[in-house]
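Hi,

Here is the structure I promised to pass on. Have a look at it first, and then read my notes below.

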Amino acid sequence: MNAPPCEKCCFYRPGRYTRTGQCARYIAYRGRGKIVFEFADQVRFDKNKCGPQGKFFMSEKEYVSRERLDLIRRLFEEEE
């Protein structure tokens, strides 16, 4: 089974150069008002994180669908 590419994940943030894309799911540094995310390649090589199989991969479509579903649920709860 082929793992989905990081570039198609909703947590992926492209970098300026090749192989410098970052994964917004994992924070590498946070201080002085700046947040730096880990490189997507490093996250993919670490079995304790996303790993080679991409176990935390979430497509953009899934992410938008979940946000909309959560919004609809909150609206229904507010009406009651």
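Which residues line the largest cavity? They are Cys 6, Cys 9, Phe 11, Tyr 12, Cys 23, Arg 25, Ala 40, Val 43, Arg 44, Cys 50, Phe 56 and Phe 57.

Before going further, a word on the ground rules. This is a predicted model, where local features need pLDDT of at least 70, side-chain atom pairs count only at pLDDT 80 or more, and totals for chains, interfaces and linings use all residues. Residues are numbered from 1 along each chain as its sequence is written, and side-chain values use heavy atoms, with hydrogens and water left out.

Back to the cavity. On a 1 Å grid over the protein atoms alone, a cavity is a set of points where a 1.4 Å probe fits but cannot get out, and lining residues have an atom within 4 Å of a point. Grid points are joined across faces, edges and corners, and the volume is the space filled by probe spheres set on the points. The count comes to one cavity of 30 Å³ or more, and the largest cavity holds about 110 Å³ of space. Helix 1 gives the most to its lining, with three residues. (Helices, H or I with at least four residues, and strands, E with at least two, are DSSP runs numbered from the N terminus.)

Next, the largest nonpolar core. That term means a set of buried Ala, Val, Leu, Ile, Met, Phe, Trp, Tyr and Cys residues joined through side-chain atoms within 4.5 Å. Buried is under 20% relative accessible area, exposed is over 50%, and partly exposed is in between (1.4 Å probe, protein chains only). The core has eleven residues: Cys 6, Cys 9, Cys 10, Phe 11, Tyr 12, Cys 23, Tyr 26, Ala 40, Val 43, Cys 50 and Met 58. Leaving aside neighbours within four places in sequence, Cys 23 is in contact (heavy atoms within 4.5 Å) with Phe 11, Phe 37, Glu 38, Phe 39, Ala 40 and Val 43.

Now for the charged pairs. How many salt bridges does the structure hold? There are two, a salt bridge being a side-chain nitrogen of Lys or Arg within 4 Å of a carboxyl oxygen of Asp or Glu.

One joins the side chains of Glu 38 and Lys 49 (2.5 Å, N to O). Glu 38 sits in strand 3 (residues 34-39) and Lys 49 in the loop between helix 1 and helix 2, so this pair ties together parts that are eleven residues apart in sequence. Are these two buried or exposed? Glu 38 is buried, at 15% relative accessible area, and Lys 49 is buried too, at 17%.

Asp 41 forms a salt bridge with Arg 19, with the closest N and O atoms 3.2 Å apart. This pair links distant parts of the chain, 22 residues apart: Asp 41 is in helix 1, and Arg 19 is in the loop between strand 1 (12-13) and strand 2. Asp 41 is partly exposed at 25%, whereas Arg 19 is exposed at 59%.

Finally, a look at the backbone. Arg 19 has a positive phi, near 65°, in a residue other than glycine. Arg 32, also not a glycine, has a positive phi of about 55°. Arg 32 lies in the loop between strand 2 and strand 3 and is exposed, at 86%.

Cheers

Terms used. 1 Å grid on protein atoms, 1.4 Å probe; cavity = no way out; pocket = protein on both sides within 12 Å on 5 of 7 lines; lining within 4 Å.
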